[in-house]
Amino acid sequence: QVRLVESGGGLVQAGGSLRLTCAASGFTFSNYGMGWFRQPPGKEREAVAHITWSGAVKTYADSVKGRFTVSRDNAKNTVYLQMNSLKPEDTAVYYCAARPNGNSDYRYWGQGTQVTVSS
């Protein structure tokens with residue numbers, strides 16, 4: 001059974017930090033690139049960051065560049081999103097997703113974790 005379980009969300013003041021964790025199981029983690037997405041209230045889901053299977057390549061949305069860092073530990077089947085200098089506009093439900101190497105579509109999705117940044 002495939003599972004992606006996000007954790008680490010919460011309420012934080014503007015300028016603060018949070019670290020999201022996504023624990024994967026039920027598939028060969030190292031065969032997948034991993035992405036983080038978010039859906040702000042009343043808005044569509046948007047891509048935040050992606051990391052390739054080896055961790056060698058990381059890409060970010062312009063809105064989070066220089067503030068967020070994606071990383072992964074293939075030995076632990078886990079991907080992380082370190083979020084620093086948080087802004088109220090970062091408030092959203094954050095999701096992790098898994099994309100098979102060489103594919104363009106994400107195959108598996110987590111249930112999401114709420115991040116709320118107060119001003």
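How many of the nine residues of β9 are buried? The structure examined here is a predicted model, in which local features need pLDDT of at least 70 and side-chain atom pairs count only at pLDDT 80 or more, while totals for chains, interfaces and linings use all residues. Residues are numbered from 1 along each chain as its sequence is written, and side-chain values use heavy atoms, with hydrogens and water left out.

Seven of the nine residues in β9 are buried, which leaves this strand mostly covered. Here, buried means under 20% relative accessible area, exposed over 50%, and partly exposed in between (1.4 Å probe, protein chains only). Strands are DSSP runs of E with at least two residues, numbered from the N terminus.

Strand β9 also has several partners, where pairing requires that DSSP finds at least two bridges between two strands. With β4, β9 pairs in the antiparallel sense over eight bridges; one of the bridge pairs joins Y32 to P100 of β9. An antiparallel pairing over three bridges links β9 and β11, and here Y94 faces T113 of β11. Strand β10 (residues 108-109) pairs with β9 over two bridges, again antiparallel, with W109 of β10 as the bridge partner of A97.

Next comes the interior. A nonpolar core is a set of buried Ala, Val, Leu, Ile, Met, Phe, Trp, Tyr and Cys residues joined through side-chain atoms within 4.5 Å. The largest such core has 27 residues, of which M34, W36, L81, M83 and Y94 touch the most other members. Strands supplying at least two residues each include β4 (32-39), β8 (78-83) and β9 (92-100).

Key. Helices (H or I, at least four residues) and strands (E, at least two) are DSSP runs, numbered from the N terminus.
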